[in-house]
Amino acid sequence: MTVATLEIPGEIPGEIPGEIPGEIPADARNPVEPFLRMDRMPHIWCPGCGIGTTVNCFTRALLDSRANLDKVAIVSGIGCTGRVAGYANLDSFHTTHGRAIPFATGLKLANPELQVVVYSGDGDLFAIGGNHFIHAARRNMDIKVICVNNLTYAMTGGQTGPATPGQTISATSPYGVFEPSFNLVQLAEAAGAAYVARWTTYHVKQLSRSMAEVLNKKGFCFIEVLSPCPTLYQRRNKMGDGLEAMKFYKQVSKVRNGAPTSECALTKAGEIVVGKFVDRDRPDYLELLKAQMTESLGERYAEPEVACSQC
Amino acid sequence: MEDELAASIAIQGAVWGGAKAFTVTSGPGFSLMMEHIGYAAITETPCVFVNVQRGGPSTGLPTLPAQADMMQARWGSHGDYAIIALCPNSPQECFDLTITGFNLAEEFRVPVLMMMDECVGHMTEKVIIPEASDIAITPRRFTSKTPEDFRLFEPREDLVPDMVKAGDGYRFHVTGLTHDERGYPSMNVETQDGLVRRLQDKLKPFSNGRALCETEHLEDAEVVVVSYGITSRVAQRALQMARQQGVRAGKFRIISAWPFPERHIQELAGRVKAFVVPELNLGQMVREVERSAAGKCKVMAVPHAGGSVHDPETILKAILEAAR
């Protein structure tokens, strides 16, 4: 494995047009508005929840990556983070629980010119959808997976999920979680992801930069974003509100780009290793498919045509 | 794909990417696909599912025939919805009806289920494949509206909305939640009522007169054998034997099983003595025949638990008894 470009600059390029000193003009717009379905506001997320922060970073990444937004599709599963697709002003799909990745796979294969982003939570992607995650990573499917990890099933009341750290309290573990949790970044690397990073919602600049980076990288890319759930996880574990979570992330996070993912497991109160851990190049699924078909069939192989909207 | 859940949703991603797509399974795999038949129904994603039926429940009888998934095909996903199901009885029909299935999926924007059985699925017979230019294809009906004027689930007069595909600038939203015409989640009684009724009502033109079937000797029939798939070929022999013995037996072969061809059965029920319904299950489509006949004539089930097909003699016996 080779790890490339590990340095993350402190500043991201570009002015933030929303920062206007003094009085806010009546016609002022939040710079993220063009990326959101403003007719769907207010959103459903709780005060202090980190999902909105990640969406803000994502819109910044779309700006910075200079992506053609008509060619970016976003696919979500079910859960709090599953609602992101509905708020993004893109071609967007709110699919079934756990199945965002296979839906995204079909979408990408039918229409390879699309940049397909899967945006979902830890429960959706790693419990009910865990099988699809490892297989898409194994195939190096050219999709970008952003996992907002709030360490619990938030929408359904805070049950233990595959990423809930040991010794924490949840709706289904009133005496403490005793089952081991997944280390998501290690799982992603082992399964074959081309890019693996982890940030928290405190690291907004680094997160935006990572998101912009994967929008311009081929292959299966995975970003885990640790995000607070003040309503359920934080409250049950006496970890305070959203602001307390930011202080906690600031205090215990350590940037270690290129760190072995096996050393990045999360615990209830221990160090949170953040950074870009994996950045490698492998042929992606479509490249392999084309190579195999061309080798076997020669000129008889015709690449599938995408239906034309005018036909 | 890694499993049937993945396959049954990947085809729908492909459809929204602009492709036509289908997936194939049998037995437990069909059970795994149920959630996504519901997703295709509520998102009105035109796609085709093939189920080569085996004996069940569970792993049951791999590679041995049954027709015991017929009610699952209609009702297997939760909630109220409607689908189209077709039952070929030969390799030629597997080819022809799959094309029909794709065309109907596009016309009505519903999942279409090809309900074969192991015998038909493994059968070897001559198949004539026409020139591609001779095959009638229903193209996807893409909207001609601009993104500004377009609403994803605004129905045309026929209650079916126009399609779009990702990447064309429409910035549309698809969800499995109950949604309004914009495609936005709208979870209230009015939206639910309008959406769920439309999902059923849009298939009415198909129920009302366009049902696919094959009939024989219905003009003078006193007993009509209602069958489908491989059982219809076994029943054909029984019908011949009954005619030889002087019983005026007729054939009604169901080709489109869902929506159920209830008008045909209602009409026949008023003028025949009995329906005989052999099927490779312990009584599924026979209930629909009973419901449609509504007591106007006798209905006799000829059940078989699967693993093989009926003896023609068993069906003959039922015909003779029904004619008495």
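This is a predicted model: local features need pLDDT of at least 70, side-chain atom pairs count only at pLDDT 80 or more; totals for chains, interfaces and linings use all residues.
Q: Let's start with chain B. How many helices and strands does it have?
A: Chain B has twelve helices and twelve strands.

Q: What share of chain B is buried?
A: Buried residues are 51% of the 324 in chain B.

Q: What about contacts, how many join residues at least 24 apart in chain B?
A: If you take the contacts in chain B between residues at least 6 apart in sequence, 73% of them join residues at least 24 apart.

Q: OK, chain A now. How many helices and strands there?
A: Ten helices and eight strands in chain A. Its C-alpha trace spans about 65 × 55 × 35 Å along the principal axes.

Q: What radius of gyration does chain A have, against that of a compact globule?
A: Chain A has 20 Å, which agrees with a compact globule, since one of 311 residues would be near 19 Å. Of those 311 residues, 49% count as buried. For contacts in chain A between residues at least 6 apart in sequence, 68% join residues at least 24 apart.

Q: You mentioned β6(B). Which strand of chain A is joined to it?
A: That's β2 of chain A, residues 91–94; three bridges join it to β6(B), and the two run parallel. Within that pairing, Ser92(A) stands opposite His173(B).

Q: I'm curious about Thr96(A). Where does it lie?
A: Thr96(A) is in the loop between β2 and α3 (100–110) of chain A.

Q: Buried or exposed?
A: Thr96(A) counts as buried, because it has 23 C-beta neighbours inside 10 Å and the cut-off for buried is 20 or more.

Q: What is it in contact with?
A: Leaving aside neighbours within four places in sequence, Thr96(A) is in contact with Ile78(A) in its own chain, plus Ile9(B), Glu35(B), His36(B), Tyr39(B) and Gly176(B) from chain B.

Q: How far apart in space are Thr96(A) and Glu224(A)?
A: They are 21 Å apart, C-alpha to C-alpha, and 128 residues apart in sequence.

Q: And helix α3(A), how many of its residues are buried?
A: Eleven of the eleven, so α3(A) is largely enclosed by the rest of the structure. Among them are Phe103(A), Lys108(A) and Leu109(A).

Q: Switching topic: what's the strand order in the open sheet of chain B?
A: The order is β7-β9-β8-β11-β12, five strands with mixed pairing.

Q: Which strands stand at the edges?
A: β7 (213–216) and β12 (298–303) of chain B. Each has a single partner strand, so one side of each has no neighbour in the sheet. The twist averages 20° from one strand to the next.

Q: How many bridges join β11(B) to β12(B)?
A: Six, and the two strands run parallel. For instance, Pro278(B) has Val302(B) in β12(B) as its bridge partner.

Q: Which helix packs on that sheet?
A: Helix α11 of chain B, residues 285–293, which touches β8, β9, β11 and β12 of chain B. Its direction makes about 165° with that of β11(B).

Q: Last one: how far does helix α5(B) reach?
A: It has 18 residues (91–108) and reaches 25 Å from its first C-alpha to its last, close to the expected 26 Å.

Q: Which of its residues are buried, and what covers them?
A: The buried ones include Glu93(B), Cys94(B), Phe102(B) and Glu106(B). The cover includes β2 (47–55), β4 (84–86), β5 (111–117), α6 (118–122) and α8 (204–207) of chain B. Just after the helix, Arg109(B) takes a positive phi of about 55°.

Technical notes: Residues are numbered from 1 along each chain as its sequence is written. Chains are lettered from A and ligands numbered from 1 in the order in which they are written. Helices (H or I, at least four residues) and strands (E, at least two) are DSSP runs, numbered from the N terminus. A residue is buried if 20 or more other C-beta atoms lie within 10 Å of its own, exposed if 12 or fewer, and partly exposed in between; C-beta atoms are placed from the backbone. Two residues are in contact if their C-beta atoms, placed from the backbone, lie within 7 Å. Two strands pair if DSSP finds at least two bridges between them. The radius of gyration is taken over C-alpha atoms; the globule rule is 2.2 Å times the number of residues to the power 0.38. Axes are lines fitted to C-alpha atoms, for helices over the stretch in contact, and angles run from 0 to 180 degrees between N-to-C directions. The expected span of a helix is 1.5 Å times one less than its number of residues.
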